[in-house]
Amino acid sequence: MPGTVSATASTPPRVMTGEHFMVGDHACAEGALAAGLDFFAGYPITPSTEICERLAHRLPQVGGTFVQMEDELGSIAAILGASAAGARTLTATSGPGFSLMMENIGLAAMMEIPCVIVDVMRGSPSTGLPTLVGQADVFQARWGSHGDYGIVAYSPSSPQECFDLTIRAFNVADRLRIPVFVLMDEVIGHMTERVVIPPAQQIPRVDRKRPSHEPGDAVFLPFKADADLIPPMAHAGEGYNVHFTGLTHDERGYPALNAQTHEQLVTRLVNKVAVHAPEAILTEEVDLDDAEVVVVAFGCTARSARRAVAMARQQGVKAGLLRLISLWPFPEERVRDLGRRDAVKRFVVPEINMGQMCREVERLTHLPVQSINRAGGAMITPQSILEVLVS
Amino acid sequence: MSTETTQNGPVQIRIAGYGGQGVILTGMLLGKAASLYDAKEAVFTQSYGPEARGGASSADVVISSDPIDYPLVTEPDILVTLFQEAYSKYRSSLKPGGTLIVESDLVHTNGDANVAGLPASRMAETIGRRIVANVVVFGYLVGKTGVISKEAAIKAIEATVKPKTYELNLKAFSAGYARATEESGRE
């Protein structure tokens with residue numbers, strides 16, 4: 001039944017094909033189910049709780065496993081373990097839980113274990129504003145665990161994108177063997193809008209690369225990457241001799257605590273995301289062809305920005321919008337190109353934090369970059385963006 | 001693609017009551033009817049503040065024939081208040097010339113001009129159960145404003161409520177709708 005947990009006798013299918021009027025958190029959960037989610041472990045936290053609730057109801061119905069964990073440290077550890085055994089795994093949280101997960105996010109990057117982590121951003125730091133919007137976890141998603149590693153993060157602007165991007169997150173995670181984030185914000189997670197779910201056979205699926213060697217083949221090296229910098233993944237329990245460790249490891253997966261191995265491994269972990277960035281990056285462009293002012297925005301703020309751009313155009317200001325659908329990798333080339341255009345005079349970056357993604361734009365252009373910020377708790381209004389566009 | 005802000009643009013609706021009056025379901029029905037059965041765009045949001053527990057509760061819906069960018073209700077064209085505190089809190093937000101609907105047994109408007117009042121709870125009791133007062137209000141809102149079609153509203157009810165309560169909810173909707181159309185002399 002659209003939009004609500006059904007009270008009907010028949011069990012809904014894994015892919016709820018059809019048109020629904022659905023809240024963003026539920027659309028994210030349905031996207032995960034459609035993507036073939038096998039295992040969810042989580043600890044409910046506002047404003048992501050509805051993802052947990054939906055999956056607690058739905059995942060067992062379709063043969064998956066739902067575990068409510070003791071906390072977020074356990075949640076991330078459980079999804080890494082299940083993923084190492086071959087499952088498609090998810091957890092969902094908000095800022096305070098995201099912080100607790102950081103250590104094992106680094107472990108996922110180091111051990112190259114695919115998983116999807118949803119962070120529905122609320123006012124922060126600390127427990128901040130549980131029920132109200134924030135967008136201040138975007139740098140934490142990129143740099144939150146210690147050390148150098150690459151990740152991918154998507155930022156939906158609608159319930160439909162919560163569905164679509166969660167599916168994409170699973171495919172990118174499996175393709176690149178990395179943790180992938182879906183960075184929703186409270187407004188998007190709690191907003192209800194039409195969500196169209198396609199037939200099951202139209203849901204895109206990219207699986208992990210698997211070893212070409214048979215289990216027990218002595219020449220198989222589980223952490224030896226192919227030319228695409230990604231090693232085929234041998235799962236625990238299949239008979240392969242696999243060893244996962246957070247210590248610097250060689251191609252066998254065994255600790256090799258020396259500078260040369262470390263250099264090779266960390267360089268590869270960073271480069272494998274960099275070289276595949278073009279497949280991961282997603283943007284939407286609105287009225288950029290003749291734009292003199294380029295707004296760069298994401299999540300719910302992109303909706304305000306879209307309105308502000310339309311209003312500015314009505315007032316004769318040539319504004320355009322570069323909407324970040326992927327936050328990481330950042331679309332560096334696109335922003336550089338826009339900055340080199342003769343027409344473009346400045347960038348405007350509204351975001352519900354004290355100025356994070358604006359730093360990315362600043363490092364890619366010599367043009368003025370105007371930051372529009374609020375600490376959290378409410379959306380940035382179209383009017384406040386418009387004032388900067390027409391100034 | 002961009003949304004008009006003229007009178008053909010988005011219609012903003014706010015339904016405010018206290019927890020348990022069913023305002024969230026009413027907003028859900030309205031948005032679902034517009035979005036799935038009337039070929040319009042709709043966004044439904046609700047108050048998630050700490051006050052949502054037991055106290056004031058509001059459901060906000062934006063309906064438009066074009067894609068909706070900014071999702072929040074800022075200045076409702078239609079304001080429904082189901083108890084006094086909601087009326088006091090939101091009355092000033094109503095757009096000049098907008099439609100104000102109140103639960104007339106629970107809200108005293110002190111001579112407020114152009115108020116459309118209905119005793120929804122009493123009407124619901126007459127139908128059978130007080131709990132469907134929100135659907136009486138839904139019917140009245142649809143009949144009074146025409147913001148969505150009657151057909152879409154009924155489809156939304158059918159797709160949302162438990163099957164065994166459908167007839168009761170349909171009666172509640174029809175009672176509210178009939179009251180609105182009788183008042184305006186339509187149908």
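How many residues of domain 1 of chain A are in contact with domain 2 of chain A? The count is 23 residues of domain 1, meeting 22 residues of domain 2. Contact means that C-beta atoms, placed from the backbone, lie within 7 Å. This is a predicted model, in which local features need pLDDT of at least 70, side-chain atom pairs count only at pLDDT 80 or more, and totals for chains, interfaces and linings use all residues. Residues are numbered from 1 along each chain as its sequence is written, while chains are lettered from A and ligands numbered from 1 in the order in which they are written.

**Domains of chain A**

- Chain A splits into domain 1 (18-202) and domain 2 (283-390); the bounds come from an automatic or database domain assignment.
- The C-alpha centres of these two domains lie 26 Å apart.
- On the side of domain 1 that touches domain 2, the elements giving two or more residues are strand E6 (129-133), helix H5 (138-143), strand E7 (152-154), strand E8 (179-185) and helix H7 (186-189) of chain A.
- H5(A) supplies the largest share of that side, four residues.
- Helices (H or I, at least four residues) and strands (E, at least two) are DSSP runs, numbered from the N terminus.

**Nonpolar core**

- The largest nonpolar core has 180 residues, and those with the most contacts inside it are A:Ile151, A:Val295, B:Val136 and B:Ala153.
- Helix H6 (residues 159-176) of chain A gives the most to this core, with nine residues.
- Both domain 1 (18-202) and domain 2 (283-390) of chain A contribute residues, so the core lies between them.
- Such a core is a set of buried Ala, Val, Leu, Ile, Met, Phe, Trp, Tyr and Cys residues joined through C-beta atoms within 7 Å.
- Buried means 20 or more other C-beta atoms within 10 Å of a residue's own, exposed 12 or fewer, and partly exposed in between, with C-beta atoms placed from the backbone.
- Beyond its neighbours within four places in sequence, A:Ile151 has contacts that include A:Ala109, A:Phe181, A:Val273 and A:Trp328.

**Helix packing**

- In chain B, the axes of helix H4 (residues 133-145) and helix H6 (residues 166-184) come within 6 Å and cross at roughly 40°.
- That makes H4(B) oblique to H6(B).
- Angles under 35 degrees count as roughly parallel, over 145 as roughly antiparallel, 65 to 115 as roughly perpendicular and the rest as oblique.
- Axes are lines fitted to C-alpha atoms, for helices over the stretch in contact, with angles from 0 to 180 degrees between N-to-C directions.
- Among the residues making the contact are B:Val136 and B:Phe138 of H4(B), and B:Ala172 and B:Tyr177 of H6(B).
- In helix H5 (residues 150-160) of chain B, the buried residues include B:Ala153 and B:Ile157.
- The cover over the buried residues of H5(B) includes helix H1 (23-37), H4 and H6 of chain B.
- In chain A, the axes of helix H10 (residues 299-314) and helix H13 (residues 382-390) come within 8 Å and cross at roughly 45°.
- H10(A) and H13(A) are therefore oblique to each other.

**Backbone exceptions in chain A**

- Most residues other than glycine have a negative phi, and most peptide bonds are trans.
- The bond from A:Ser124 to A:Pro125 is cis, with omega near 15°.
- A:Trp328 and A:Pro329 are also joined by a cis peptide bond, with omega about -5°.
- A:Ser126 is not a glycine but has a positive phi of about 55°.
- A:Ser126 is exposed, with 8 other C-beta atoms within 10 Å.
- A:Asp287 has a positive phi near 55° and counts as partly exposed, with 19 C-beta neighbours inside 10 Å.

Methods
Two residues are in contact if their C-beta atoms, placed from the backbone, lie within 7 Å.
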